[in-house]
Amino acid sequence: MASTEPPTTRPPISVLFVCLGNICRSPMGEAVFRQRTSSDPRIKLVDSAGTESYNVGNSPDERTMSVLKDNGIVNYSHVARKVKISDFIRFDYILAMDRSNLRDLQVRRQRAATRDNTDKLARVVLFGDYGGEKGEEIIDPWYGELWGFEVAYEQFVRLSDGFVKKVLDVDP
């Protein structure tokens, strides 16, 4: 016989997308994820940042914004920032775009754990692990043409859906 008790509910989660400079991949990931989860009460905060400070204060790359606009995301704005140690406490998931970002974030997470003497820190993972094939990277399109941004967009759609399915649509 089925239980008549209400299902256990999880607290809403927060997600931080991270790439190198925070003007191409991570803001695109943030924008796509926001769009795909905009009515989902299980998501409380979505943001993006970079591992380096090259672009702090800048807007996203114009090719990122063009691809977002072409796909119906028109009300997105962002100012690039660098990852802070406090992000490891503030966010539940920190999603790296490639292995280099992942290694850098893992080192910073360890510093945060040591500094704050806690193990209750964000899960740092490769975002590509949510796409069906473990280890998938989102290649940095900054050095190439517009088509690289379009490929990244398609990855973000698929990976965002995979993240929701694997993280949120599982029984608590």
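In which hand does helix 1 pass helix 5? I opened the predicted model with that in mind, and I found a right-handed crossing.

**Entry 1: the helix pair**

I looked up the geometry next. The axes of helix 1 and helix 5 come within 9 Å and cross at roughly 50 degrees. That angle makes helix 1 oblique to helix 5. I then listed who makes the contact: from helix 1, the residues include Arg 25, Met 28, Gly 29, Val 32 and Phe 33. From helix 5, I noted Phe 149, Ala 152, Tyr 153, Phe 156 and Phe 163 among them.

I see an open sheet of four strands in the order 2-1-3-4, with parallel pairing. Strand 2 and strand 4 (123–126) are the edges, each pairing on one side only. Direction ignored, neighbouring strands are turned by 20 degrees against each other on average.

I followed one pair in detail. Strand 1 and strand 2 are joined in the parallel sense over seven bridges, and Cys 19 has Gly 50 of strand 2 as its bridge partner.

**Entry 2: helices on the sheet**

Which strands does helix 1 lie across? I found strand 1 and strand 2, with helix 1 running at about 165 degrees to strand 2. Helix 4 (residues 99–116) also packs on the sheet, where I saw it touch strand 1, strand 3 and strand 4. The direction of helix 4 makes about 170 degrees with that of strand 4.

**Entry 3: the cores**

I turned to the nonpolar residues. The largest nonpolar core has 34 residues, and Met 28, Leu 95, Phe 127 and Phe 163 touch the most other members. Among the elements giving two or more residues to this core are strand 1 (13–19), helix 1 (25–37), strand 2 (43–50) and helix 5 (146–168). Helix 5 gives the most, with ten residues.

I checked the neighbours of Phe 127, leaving aside residues up to four places away in sequence. They include Phe 17, Leu 95, Ile 138, Phe 156, Leu 159 and Phe 163. A second, separate core of 16 residues includes Val 18, Phe 91, Ala 112 and Ala 122.

Last stop: Asn 22, in the loop between strand 1 and helix 1. Although Asn 22 is not a glycine, I read a positive phi of about 65 degrees there. Is Asn 22 buried or exposed? I noted Asn 22 as buried, with a relative accessible area of 0%.

Terms used: Residues numbered from 1 in each chain as written. Predicted model: local features only at pLDDT ≥ 70, side-chain atom pairs only at ≥ 80, totals over all residues. Heavy atoms only, no water. Core = buried A, V, L, I, M, F, W, Y, C linked by side-chain atoms within 4.5 Å. Buried < 20%, exposed > 50% of the residue type's maximum accessible area, 1.4 Å probe, protein only. Contact = heavy atoms within 4.5 Å. Pairing = 2+ DSSP bridges. Axes fitted to C-alpha atoms, helices over the stretch in contact; angles between N-to-C directions. Parallel < 35°, antiparallel > 145°, perpendicular 65-115°, else oblique. Left-handed = near helix turned anticlockwise from the far one by under 90°.
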